[in-house]
Amino acid sequence: ILKSMHNLGYLTVLLGEIRADLIDIDPNLSSKDLQELANNTVSFDNVYNKPADYYAVINNCNVYLANVDSMRNSQGTEKYYMKEICAAKCFRAWAYLELLKNYGKVPFVTEPVLTSDAAEDIVANEGSYADMQTILDFCIEDLKGYAYLNKNQELRQAYGNQTYYGMQYKSFFLPVRVVLAELYLWRGSYSGNKNDYINAARMYHDYFTFS
């Protein structure tokens, strides 16, 4: 899952920043593909038109969530894999949000897809597509139960002080309150519901204020 996420770093930055009003693309120095991004005229064969990379994250998360022993207790009623389950759900929600921002309605899948034929059937089936409201409703319900659990900070993976190329492992994970804040904010922009904006502000505030 993490390797799939790392593959999306440059792509997500380009899709978000090149179309912003603070960046200009020099047509004499930039590629046709970058110019298409800047002009919002992305062709089918554009090298940055890669929704499959986001679905690699989503499907890896679906496979993990379908197979993890979510009921195993470590101490008392605490679930042994709670942090990992929360992390996988955060990655999946983030990937869906990025797809929705770039493509609008997209295939919505929460179960593992294990063959290329199955994947092609999903893409070809209009009934598998969902809009921002539907998918963000699911993702918010999927995550909001984690936002105020005891020891909330532990729900951002840490694995002690272990590092990878000088970075602590926790740097690779998404805090659940930040993901929820983004989900509420974008759902509010889609639905116009002011409660979504209130919830977004609350999640941002509580993430920055409370450990």
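Hi everyone, let's begin at the start of helix 9, where a side-chain oxygen of N193 comes within 2.8 Å of the backbone nitrogen of N195. That is a polar contact, meaning a pair of N or O atoms within 3.5 Å; within protein, one must be able to donate a hydrogen and the other to accept it, and residues adjacent in sequence count only if both atoms are side-chain atoms.

A word on the model: it is predicted, so local features need pLDDT of at least 70 and side-chain atom pairs count only at pLDDT 80 or more, while totals for chains, interfaces and linings use all residues. Residues are numbered from 1 along each chain as its sequence is written, and side-chain values use heavy atoms, with hydrogens and water left out. Helices (H or I, at least four residues) and strands (E, at least two) are DSSP runs, numbered from the N terminus.

Back to helix 9, residues 194-209. Which residues of helix 9 are buried? They are D196, A200, M203 and D206. Buried means under 20% relative accessible area, exposed over 50%, and partly exposed in between, with a 1.4 Å probe and protein chains only. Viewed down the axis of helix 9, the buried residues fall within an arc of 140 degrees, so they line one face. The arc is taken from the directions from the helix axis to the C-beta atoms. On the other side, K194 and F208 are exposed. Helix 8 (176-191) is included in what covers the buried residues.

Now look at helix 3, residues 32-39. Here D33, L34, E36 and L37 are buried. Down the axis of helix 3 they fall within an arc of 155 degrees, so they too line one face. The face turned away carries the exposed K32 and N39. After helix 3 comes N40, with a positive phi near 55 degrees. Is N40 buried or exposed? N40 is exposed, because its relative accessible area is 53%.

Last stop: S128, in the loop between helix 6 (116-124) and strand 4 (129-130). S128 counts as buried because its relative accessibility is 14%. Leaving aside neighbours within four places in sequence, S128 is in contact (heavy atoms within 4.5 Å) with V106, P107, F108 and I122. A polar atom of the S128 side chain also lies 2.8 Å from the backbone oxygen of N125.
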